[in-house]
Amino acid sequence: MNVDVIIPALNEAEAISRVLADIPAWVRQVVVVDNGSSDGTAEIAARAGARVVFQPKRGYGYACLAGLAVLEHTDVVVFLDGDYSDYPAEMERLVAPIMANQADLVIGSRLAGQMQEGAMLWHAYLGNCVLSWFVRLITGCQVSDIGPFRAITWEAMNNLSLTEGRYGWTLEMMFKTVHKGYRMMEVPVSYRPRLGKSKVSGSLQASLKASLVMLATVARYARP
Ligand SMILES: Nc1nc2c(ncn2[C@@H]2O[C@H](COP(=O)(O)OP(=O)(O)OP(=O)(O)O)[C@@H](O)[C@H]2O)c(=O)[nH]1
Ligand SMILES: [Mg+2]
């Protein structure tokens, strides 16, 4: 089975080489999507052997879409953050249920796994709890987190036609997966404090903004 990894990364020079070094050897290809980082993230990633793609439009979702656009046919696509808060070595946990044909989308739940102190501030924790509650209510799937570390089949990924360019992308993927009849499940993953400077969850204001964007996404995609 071919597994390709997409890493959106914006100014992650401190973290990206550590992330890339921990990716399991069985991964076929790693694509790092950069939106014009000013700290050399793209050069570091390319030197470490990743395929680097540039996306002129800012936004987490736009970065993921640009990564997908350059992939050739594969079996599984894994999304992973570039800040070293996830454990790339745990990727097998996400891919195994797909290989066993038990799921089409597997979300890594940080709330169900081992979370190091300071890895997620209280407002990010609360935001994930509230958003997961909505996902459970609407989809009936027992998820406890809207984690970015996730694996999805190539077939499902290509049938979802995702459009959210910002932080709504992860939720849109979850709703559309279920609405289109694909199977979603979660597995516990570990989480540690990010390396480098926080862009979202480290600030209450940015967290609130991201949460509002995500609540709007819930409203938009709650119905099939
Ligand atoms: N290419 C690209 N990557 C982005 C963009 N925004 C965020 N990212 C990356 O997406 C991942 C998740 O963003 P983070 O800033 O870590 O968001 P978070 O985990 O909610 O919050 P913090 O870790 O506290 O900043 C990281 O790898 C970022 O570098 C973007 O506009 N473009
Ligand atoms: Mg992060």
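How many of the 11 residues of helix H7 (residues 169-179) are buried? The first point takes this up, after a word on conventions. The model is a predicted one, in which local features need pLDDT of at least 70 and side-chain atom pairs count only at pLDDT 80 or more, while totals for chains, interfaces and linings use all residues. Residues are numbered from 1 along each chain as its sequence is written, and chains are lettered from A and ligands numbered from 1 in the order in which they are written.

1. Helix H7. In helix H7, 9 of the 11 residues are buried, so the helix is largely enclosed by the rest of the structure. A residue is called buried if 20 or more other C-beta atoms lie within 10 Å of its own, exposed if 12 or fewer do, and partly exposed in between, with C-beta atoms placed from the backbone; helices (H or I, at least four residues) and strands (E, at least two) are DSSP runs numbered from the N terminus. The buried residues of H7 are Trp169, Thr170, Leu171, Glu172, Met173, Met174, Phe175, Lys176 and Thr177, and they pack against H3, E5, helix H5 (122-139), helix H6 (154-160), E7 and H8. Just after H7, Gly181 takes a positive phi of about 85°.

2. The sheet. Seven strands form an open sheet in the order E3-E2-E1-E4-E6-E5-E7, with mixed pairing, where two strands pair if DSSP finds at least two bridges between them. Strand E3 (51-54) and strand E7 (184-188) are at the edges, and each has a single partner strand, so one side of each is left without a neighbour in the sheet. From one strand to the next the twist averages 20°, taken between axes that are lines fitted to C-alpha atoms, with angles running from 0 to 180 degrees between N-to-C directions. E1 and strand E4 (residues 76-79) run parallel and are joined by 4 bridges, with Asp4 standing opposite Val77 in E4.

3. Strand E5. All of strand E5 (residues 105-109) is buried, 5 of the 5 residues, so this strand is largely enclosed by the rest of the structure. Leu105, Ile107 and Ser109 point one way from E5, whereas Val106 and Gly108 point the other way. In a regular strand the side chains alternate between the two faces of the sheet. E5 runs antiparallel to strand E6 (residues 150-153), to which 3 bridges join it, and Ile107 has Arg150 in E6 as its bridge partner. To E7, by contrast, E5 runs parallel with 5 bridges, and there the bridge partner of Val106 is Met185.

4. Leaving aside neighbours within four places in sequence, Val33 is in contact (C-beta atoms, placed from the backbone, within 7 Å) with residues including Ile6, Ile7, Val53, Ala63 and Ala66.

5. The shell around ligand 1. Ligand 1 is surrounded by 23 residues, of which Pro8, Ala63, Gly82, Ser198 and Lys199 are the closest; a residue is near the ligand if its C-beta atom, placed from the backbone, lies within 6 Å of it. Strand E1 (3-9), strand E2 (29-34) and helix H3 (60-69) each supply at least two residues of this shell. By type, the shell divides into 8 nonpolar, 8 polar and 7 charged residues, where Ala, Val, Leu, Ile, Met, Phe, Trp, Tyr, Cys and Pro count as nonpolar, Asp, Glu, Lys and Arg as charged, and the others, Gly among them, as polar.

6. Asn11, in the loop between E1 and helix H1 (16-21), has a phi near 50°, a positive value in a residue other than glycine, and with 20 C-beta neighbours inside 10 Å Asn11 counts as buried. Ser161, in the loop between H6 and H7, also has a positive phi of about 50° although it is not a glycine, but with 9 C-beta neighbours inside 10 Å Ser161 counts as exposed.

7. Pro193. In the loop between E7 and helix H8 (204-221), Pro193 counts as partly exposed, with 16 C-beta neighbours inside 10 Å. Pro193 and Glu117 are 76 residues apart in sequence and 7.6 Å apart in space, C-alpha to C-alpha.

Methods. Contact = placed C-beta atoms within 7 Å.
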